[in-house]
Amino acid sequence: MVQVTTETRLLICGQAPGRRVHESGLPFDDPSGDRLRQWLGLDRDAFYTDPRICVAPMAFCFPGTNPKGGDYPPPPRCAALWRRSLLACLPKVELTLLVGGYAQRWALQHASGRSMTATVRAWRVHGPAVIPLPHPSWRSTVWLRRNPWFEEELAPHLRNRIAAILGGAAPLTSRRHDDSIDQLGG
């Protein structure tokens with residue numbers, strides 16, 4: 001389950017497709033995709049048809065359902081086999097989104113935080129070419145309530161950054177965000 005072109009400017013790296021996505025053949029074709037597109041400020045049509053938007057998870061296929069609940073994690077051998085060679089074929093990538101802890105640990109290695117929360121909270125350290133995000137699944141609802149800074153600071157920055165990369169203009173949503181953009185030089 002990969003969607004890439006040589007025109008890719010926005011690379012979205014998640015963990016692995018879930019069962020519903022595996023069956024539909026479209027990455028993020030589920031409620032988590034709806035939430036992700038909201039965070040990105042993209043509608044469904046742009047997400048799936050703009051050749052500058054790429055989705056390349058850590059594993060291309062559904063790893064199966066864990067009897068204890070949820071899906072199995074992406075097998076580490078998948079990314080080890082193909083990730084570096086795929087990234088080498090994407091010379092125009094300006095922003096990579098690391099969606100969830102598996103993608104963050106693989107891409108950031110020692111620079112990832114003690115937890116997914118710590119890594120996402122330190123998003124400014126990894127920019128401007130990389131932004132870590134929580135996984136947008138329903139399980140993140142409680143996380144989002146406990147971390148309001150994500151929707152107040154990071155999500156507006158993310159929408160503006162993507163609008164700049166793709167040539168659109170996303171509105172700034174708060175003065176606080178406006179100040180953080182100035183500090184980042186954006």
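1. A residue counts as buried when its relative accessible area is under 20%. Ser137 has a relative accessible area of 13%, so Ser137 is buried in this predicted model. You will find Ser137 in the loop between β4 (130-133) and α8 (140-146). Leaving aside residues up to four places away in sequence, Ser137 touches Ser32 and Arg35.

2. Now the overall layout. The chain has ten helices and four strands. Reading from the N terminus, the order of the elements is β-α-α-α-β-α-β-α-α-α-β-α-α-α. Of its 186 residues, 46% count as buried. Among contacts in the chain with a separation of 6 or more, 67% are between residues 24 or more positions apart.

3. Thr5 lies in the segment before β1 and is partly exposed, with a relative accessible area of 31%. Not counting residues up to four places away in sequence, Thr5 touches Pro51 and Leu90.

4. How many disulfides does the structure hold? The count is zero. A disulfide is a covalent bond between the sulfur atoms of two cysteines. For Cys13, the closest cysteine sulfur is in Cys54, and the distance of 7.1 Å is too far for a bond, because the two sulfur atoms would have to be within 2.5 Å. Cys13 is buried, at a relative accessible area of 2%. Cys78 is buried as well, with a value of 13%.

5. The aromatic residues deserve a look. The whole structure contains seven aromatic pairs. In one of them, the ring centres of Phe47 and Tyr48 are 5.1 Å apart and the planes stand at 90 degrees, so this pair is edge-to-face. Phe47 is buried at 0% relative accessibility, and Tyr48 is buried at a relative accessible area of 18%. Another pair joins Phe60 and Trp82: the centres are 4.0 Å apart and the planes are at 35 degrees, so the pair is tilted. This pair links distant parts of the chain, with Phe60 in the loop between β2 (53-55) and α4 (76-88) and Trp82 in helix α4, 22 residues apart. Phe60 is partly exposed, with a relative accessible area of 27%, whereas Trp82 is buried at 15%. Elsewhere, ring pairs link Trp39, Trp143, Trp149 and Phe150 into a cluster.

6. The charged end of Arg37 sits over the ring of Phe47, 5.2 Å from the ring centre. In the other case, the charged end of Arg105 sits over the ring of Tyr102, at 5.1 Å from its centre.

7. Where is the kink in α4 centred? The kink is centred on Trp82 and is about 45 degrees. Trp82 is also the residue that forms the tilted ring pair with Phe60. The buried residues in α4 are Cys78, Ala79, Trp82, Arg83 and Leu86. What covers them includes β1 (10-13) and α5 (101-108).

8. With 18 residues, α9 reaches 25 Å from first C-alpha to last, close to the 26 Å expected at 1.5 Å a residue. A kink of about 30 degrees lies at Ala155, shortly before the proline Pro156. Is α9 mostly covered or mostly exposed? Mostly covered: 15 of its 18 residues are buried. Just after the helix, Gly167 takes a positive phi of about 90 degrees.

Methods: Residues numbered from 1 in each chain as written. Predicted model: local features only at pLDDT ≥ 70, side-chain atom pairs only at ≥ 80, totals over all residues. Heavy atoms only, no water. Buried < 20%, exposed > 50% of the residue type's maximum accessible area, 1.4 Å probe, protein only. Phe/Tyr/Trp six-rings, centres within 6.5 Å; stacked < 30°, edge-to-face > 60°. Helix = DSSP H or I, 4+ residues; strand = E, 2+ residues; numbered from the N terminus. Lys NZ or Arg CZ within 6 Å of the ring centre and 35° of its normal. Bend = angle between axes of the 7 residues up to and from the residue. Contact = heavy atoms within 4.5 Å. Expected span 1.5 Å × (residues − 1).
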